[in-house]
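Biologist: Please take a close look at one part for me: the place where the two chains meet. Walk me through it, residue by residue where you can.

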There are 2 protein chains.
Amino acid sequence: MPRERIMETARRVFRSYGFSPIDTPALEYLEILLGKGSEETDKQLYRFQDHGGRDVGLRFDLTVPFARFAAQYIGQLGTPFKRYHIATVWRGENTQRGRYREFMQCDFDTIGTTGVAADAETVLVAFDLLSALEVGGFTIHLNHRGILVGLLEKLGLAEKSVEVLRSLDKLNKIGPDAVAVELSRVAGTSTEDNRTLLELSTLTGTNDAMLLKLDKLVTGNQIGEAGVARLREILAAGGAALSAAKQDCIRVEPSIARGLDYYTGVVLETTLRELPEIGSICSGGRYDNLAEIYTKEQLPGIGASLGLDRLLAAMESLGLIEPVRTPAQVFIPYFESARLGDYLRLAAELRAAGLRVEVYPEPKKLGKQLQYADKRGYRVALVAGEEEFAASECQVKNLASGESTKVLLTPDAATLVAEIRRSLAN
Amino acid sequence: MPRERIMETARRVFRSYGFSPIDTPALEYLEILLGKGSEETDKQLYRFQDHGGRDVGLRFDLTVPFARFAAQYIGQLGTPFKRYHIATVWRGENTQRGRYREFMQCDFDTIGTTGVAADAETVLVAFDLLSALEVGGFTIHLNHRGILVGLLEKLGLAEKSVEVLRSLDKLNKIGPDAVAVELSRVAGTSTEDNRTLLELSTLTGTNDAMLLKLDKLVTGNQIGEAGVARLREILAAGGAALSAAKQDCIRVEPSIARGLDYYTGVVLETTLRELPEIGSICSGGRYDNLAEIYTKEQLPGIGASLGLDRLLAAMESLGLIEPVRTPAQVFIPYFESARLGDYLRLAAELRAAGLRVEVYPEPKKLGKQLQYADKRGYRVALVAGEEEFAASECQVKNLASGESTKVLLTPDAATLVAEIRRSLAN
């Protein structure tokens with residue numbers, strides 16, 4: 001149930017920006033999948049032969065199928081093209097290790113444009129998504145891959161970027177002094193290089209102050225300067241759509257990188273204020289070419305992914321998942337066996353007024369039915385016996401407080417609906 | 001998009017009756033799946049070994065996994081239990097035959113009760129579902145398996161039920177005379193038997209008249225009488241929740257059977273008035289024991305399934321699928337390159353008012369952007385250039401009529417939102 005609520009919220013937010021739902025098959029030809037992720041995903045692939053003897057596999061993410069789809073249909077669809085996709089993916093691990101072998105991914109992408117508008121909008125989607133999910137405060141961390149790339153180029157370390165990134169990644173674990181030693185050993189950096197690189201990873205301050213410091217660090221290098229300028233543009237454009245208080249949720253964070261290969265421009269992560277240790281809930285970034293493996297057409301874009309399972313785990317930790325056991329709001333016990341039609345008609349009238357209603361399916365004793373209602377988490381029951389039906393009335397019973405109110409059923413259900421809504425709100 | 005709209009409508013209707021969403025994994029251990037459908041489904045199974053060397057398969061329907069799930073968890077869940085499940089299933093056929101190898105199913109079931117209330121409610125759910133889907137007129141056909149079973153028992157033909165059903169099934173193809181000849185040949189029926197059996201398959205009239213005729217046909221046989229009595233109760237209880245005009249959509253139809261083995265009580269089919277030849281859109285019935293293969297606990301229930309792909313095909317034939325190419329309602333071209341923040345802020349204000357809005361991501365020429373809007377099916381664009389921003393106004397342009405209206409953006413977006421809604425409604 002909470003999973004479905006999250007998915008519906010995500011769909012609503014994506015659509016409010018004009019993202020279209022697309023759905024691709026779970027099964028893809030093996031050659032589409034193999035070698036398109038990592039060695040790890042190749043190993044985890046569930047693969048077999050279909051009934052026509054063709055090698056097929058279950059998708060391990062939604063990006064590879066989207067790249068295949070885009071290569072195939074972008075001519076018809078036209079660019080820019082905005083899509084979202086919420087669906088199951090499979091990764092074969094030994095489930096005894098406690099890893100899911102099937103789980104949901106929730107991706108949104110804007111392809112066919114290099115515009116800063118799409119970058120800013122991706123940040124705004126992440127913002128609206130986290131707000132609509134009601135998971136408390138959150139921070140959207142922004143960085144641009146060009147900044148580190150530019151800085152490394154400026155320091156003459158472009159060839160050593162893998163080694164440098166790997167060492168910087170250990171900052172929290174081993175501290176700055178040990179990182180400096182390692183940097184000099186694996187990348188041949190000078191003391192001055194190390195100071196600069198460590199400074200980049202530990203900058204703090206407001207976004208404006210941060211951008212000025214970053215400007216200074218990369219000054220003279222074109223890639224680096226362009227990266228900082230792009231961040232500035234994103235913050236200005238996105239910020240215009242947000243109140244000052246909301247702008248505080250967006251932070252430039254030079255230490256985030258999001259892997260080495262895929263992203264080429266802005267990258268983003270999103271953490272919960274009350275549970276930062278669980279990691280990023282919504283992550284993504286800009287890439288140069290989505291479908292280069294499948295087509296010659298250049299498809300630059302930006303996308304991000306909501307981590308559904310991580311989000312659910314976080315919501316559970318934060319006590320945000322109510323043990324709701326029914327999607328309905330009103331319970332109607334059925335205890336006068338000759339009155340089934342009346343109970344069903346009552347339920348139909350309430351549904352017509354937009355309420356969700358369950359009628360118990362057998363004329364058991366009232367007490368037993370109320371136990372069932374309690375177990376399912378109902379808060380309001382509508383009780384009507386022979387006496388009530390004869391007087392054209394019924395009782396609206398609040399199952400939490402035990403309080404009951406008699407309501408007339410005539411001339412229409414309006415009074416009843418109002419009383420039920422009042423009781424539900426209590 | 002239409003598929004997603006159907007799924008959302010179904011979810012809304014199911015929940016309005018208190019059905020809970022459940023989700024089971026797409027992959028099940030092979031022993032759960034093998035031999036639980038037909039020989040055909042065994043053959044069509046996609047199967048392989050997982051990374052722990054266990055035999056697994058992709059589900060071929062949602063009923064078998066639900067039976068497994070119910071056997072495992074019904075102790076915790078308690079009965080009655082109402083669930084719906086909308087998900088993908090897989091059947092391996094040679095796709096060159098034009099059959100899907102993966103498709104959606106959409107099931108709802110009430111288990112753990114034999115009550116007539118659940119039967120009546122299933123009919124009401126089907127009714128609400130078809131109404132909410134807005135596919136024009138429809139008929140819900142009801143029958144009870146006990147009627148034919150009782151009649152065959154009464155005629156001393158209980159052992160020949162398979163042969164009799166097979167012959168009666170050919171009625172439309174070969175006509176009553178040929179069926180009578182075949183009946184006598186394969187089931188040894190008398191001329192009188194044939195007359196009675198053919199009468200059952202060709203009864204017409206109002207529900208009340210039909211029930212009286214059925215009463216006469218099965219009189220003296222307990223199973224048959226109970227079947228007719230049950231239909232009468234379902235019609236009375238369900239009918240109480242429906243207006244007279246709506247009751248006309250529900251027809252007793254003694255010729256529908258829905259296969260031989262699975263169903264044991266009421267069965268239902270639903271056809272579209274304008275497209276009856278496409279077959280049943282929503283079908284189901286009552287069964288004695290859902291999970292007997294997996295548990296000793298008796299789990300009687302009733303369920304039905306919405307045929308999503310058939311429904312989509314029908315909607316397409318009926319011209320009910322609009323070529324909507326975007327889920328958004330309002331298009332904002334971005335053509336003053338320095339004003340990105342303003343465009344994004346405008347969009348945010350409209351979204352806050354519940355509108356779905358797309359901002360074009362690059363400051364291209366207005367004409368080109370309006371072409372894109374047209375291709376995506378937008379009907380309303382919000383055009384603002386330097387002149388409009390300077391005067392704190394913008395133009396609401398109806399893309400169908402070409403008509404433009406100037407609207408002030410201050411003091412808030414209320415006037416703008418009202419004008420957009422007016423233009424969308426045109």
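Modeller: Start with a salt bridge between the chains. Arg11(B) pairs with Glu8(A), and their closest N and O atoms are 3.7 Å apart. Keep in mind that this is a predicted model. The interface of chain B and chain A holds 8 salt bridges by the rule. Helix α5 (residues 116-132) of chain B gives the most to the side of chain B that touches chain A, with 7 residues. That side has 39 nonpolar, 20 polar and 22 charged residues.

Now the totals. In all, 81 residues of chain B are in contact with 81 residues of chain A. The two chains bury about 5900 Å² between them, with 55% of it on carbon and sulfur atoms. The rule also finds 34 residue pairs in polar contact across the interface, both residues at pLDDT 80 or more.

A second salt bridge deserves a look. Arg15(A) meets Glu4(B), with the closest N and O atoms 2.4 Å apart. This pair crosses between chains: Arg15(A) sits in helix α1 (residues 2-16) of chain A, and Glu4(B) in helix α1 (residues 2-16) of chain B. Are these two partners buried or exposed? Arg15(A) has a relative accessible area of 19%, so it counts as buried. Glu4(B) is buried because its relative accessible area is 15%, and the cut-off is under 20%.

Next, a nonpolar residue that reaches across. Leu58(A) lies in strand β4 (residues 55-58) of chain A. Its relative accessibility is 0%, so Leu58(A) counts as buried. What does Leu58(A) touch? Beyond four places in sequence, its contacts in chain A are Ala26(A), Leu27(A), Leu33(A), Leu45(A), Tyr46(A) and Trp90(A). From chain B, Leu58(A) touches Leu27(B), Phe48(B) and Leu58(B). Leu58(A) is 52 residues from Ile6(A) in sequence, and their C-alpha atoms are 24 Å apart.

Finally, the cores. The largest nonpolar core has 100 residues. Those with the most contacts inside it come from both chains, including Phe14(A), Leu129(A), Leu142(A), Leu350(B), Leu416(B) and Ile420(B). Helix α5 (residues 116-132) of chain A supplies the largest share of this core, 12 residues. Leu142(A) is in contact with Val123(A), Leu231(A), Ile234(A) and Ile256(A), among others.

Key. Residues are numbered from 1 along each chain as its sequence is written. Chains are lettered from A and ligands numbered from 1 in the order in which they are written. This is a predicted model: local features need pLDDT of at least 70, side-chain atom pairs count only at pLDDT 80 or more; totals for chains, interfaces and linings use all residues. Side-chain values use heavy atoms; hydrogens and water are left out. Contact means heavy atoms within 4.5 Å. Buried area is the accessible area (1.4 Å probe) that two parts lose on being put together, summed over both. A salt bridge is a side-chain nitrogen of Lys or Arg within 4 Å of a carboxyl oxygen of Asp or Glu. A polar contact is a pair of N or O atoms within 3.5 Å; within protein, one must be able to donate a hydrogen and the other to accept it, and residues adjacent in sequence count only if both atoms are side-chain atoms. Helices (H or I, at least four residues) and strands (E, at least two) are DSSP runs, numbered from the N terminus. Ala, Val, Leu, Ile, Met, Phe, Trp, Tyr, Cys and Pro count as nonpolar, Asp, Glu, Lys and Arg as charged, and the others, Gly among them, as polar. A nonpolar core is a set of buried Ala, Val, Leu, Ile, Met, Phe, Trp, Tyr and Cys residues joined through side-chain atoms within 4.5 Å. Buried means under 20% relative accessible area, exposed over 50%, partly exposed in between (1.4 Å probe, protein chains only).
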